[in-house]
Amino acid sequence: DNTFPTPVNCRPIEWGADIVTHSTTKYMDGHGCAVGGAIVDAGRFDWMAHAESFPGLTTPDESYHGIVYAERFGLGKAFITKATSQLMRDFGSIQSPQNAFYLNLGLESLHVRMSQHCRNGQAMAEFLAASPKVTTVSYPGLPGDAYHGLAQKYLPHGSCGVVSFEVAGGRAAAERFMAALGLCAIETHVADARSCCLHPASSTHRQMSDAELAAAGISPALVRLSCGLEGTADLIADVEQALAQV
């Protein structure tokens, strides 16, 4: 899944990936206009060599004249042909022309937008890491992050604008922080031109107890901030004044 880095910052097929997916609803669209997704097939995986694991590609498809995709279309086209001819037919996962138009518009500016998302994400992560109101920060651009080494290898030009952190003071403090935000929108969405902030414990995961949150790896104090395209100083100022309310 290369949704967050996008092909601007990471090209997984060049690192050995066989199939890459994207939620185009995120950075590729970039403006929250349309729902979409994409599959990119490297076209080099030998399905027949692992036939028992992939019967959908290595046994006859009775719904399509008994075709065996791996035999008929070979390495280069078996997977993506099945995806487009059978699965899109059965599930109806076909993008509307208007949504495709929005996506194409977004792709034209993707390379420009990603650099600003990364600048904001890095600056925000560094600010949060230095704040006494914050206990932990997760962002691969930080030298102390568990994934910093991998990011240096696979994401040398930056990762994305999404930063996760825990507010000192637990759930109540995180909720006060969220209520005090002005520039950042409170949304479940991420990877948008506007900055979007989420407190999972009181929104997407509100049905879970603190023990269940811990088991899922989510702290009650966790906040996810998707840094948008706003001016870096303006964005940090909003987060700084919100933390001051904690």
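Mentor: Happy to; we'll go through strand pairing, a loop residue, a surface patch and some aromatic rings. This is a predicted model, where local features need pLDDT of at least 70, side-chain atom pairs count only at pLDDT 80 or more, and totals for chains, interfaces and linings use all residues. Residues are numbered from 1 along each chain as its sequence is written, and side-chain values use heavy atoms, with hydrogens and water left out.

Trainee: Switching topic: where is threonine 24?

Mentor: In the loop between strand 1 (19-22) and strand 2 (38-41).

Trainee: Is threonine 24 buried or exposed?

Mentor: Threonine 24 counts as buried because its relative accessibility is 4%. Buried means under 20% relative accessible area, exposed over 50%, and partly exposed in between (1.4 Å probe, protein chains only). Beyond neighbours within four places in sequence, threonine 24 has contacts (heavy atoms within 4.5 Å) that include Asp29, Gln95 and Leu103.

Trainee: Now the aromatics. How many pairs are there?

Mentor: Nine aromatic pairs. Rings of Phe, Tyr and Trp (its six-membered ring) pair if their centres lie within 6.5 Å; planes under 30 degrees apart count as stacked, over 60 as edge-to-face and the rest as tilted. One of the pairs is phenylalanine 101 with tyrosine 102, which is tilted at 6.1 Å centre to centre and 50° between the planes.

Trainee: Why is the pair of phenylalanine 165 and phenylalanine 177 called edge-to-face?

Mentor: Because their planes are at 85°, with the ring centres 5.7 Å apart. That pair links distant parts of the chain, with phenylalanine 165 in strand 4 and phenylalanine 177 in helix 7 (residues 170-180), twelve residues apart. Both phenylalanine 165 and phenylalanine 177 are buried.

Trainee: Which residues form the aromatic cluster?

Mentor: Phe45, Trp47, Phe54 and Phe79 form one cluster.

Key: Helix = DSSP H or I, 4+ residues; strand = E, 2+ residues; numbered from the N terminus.
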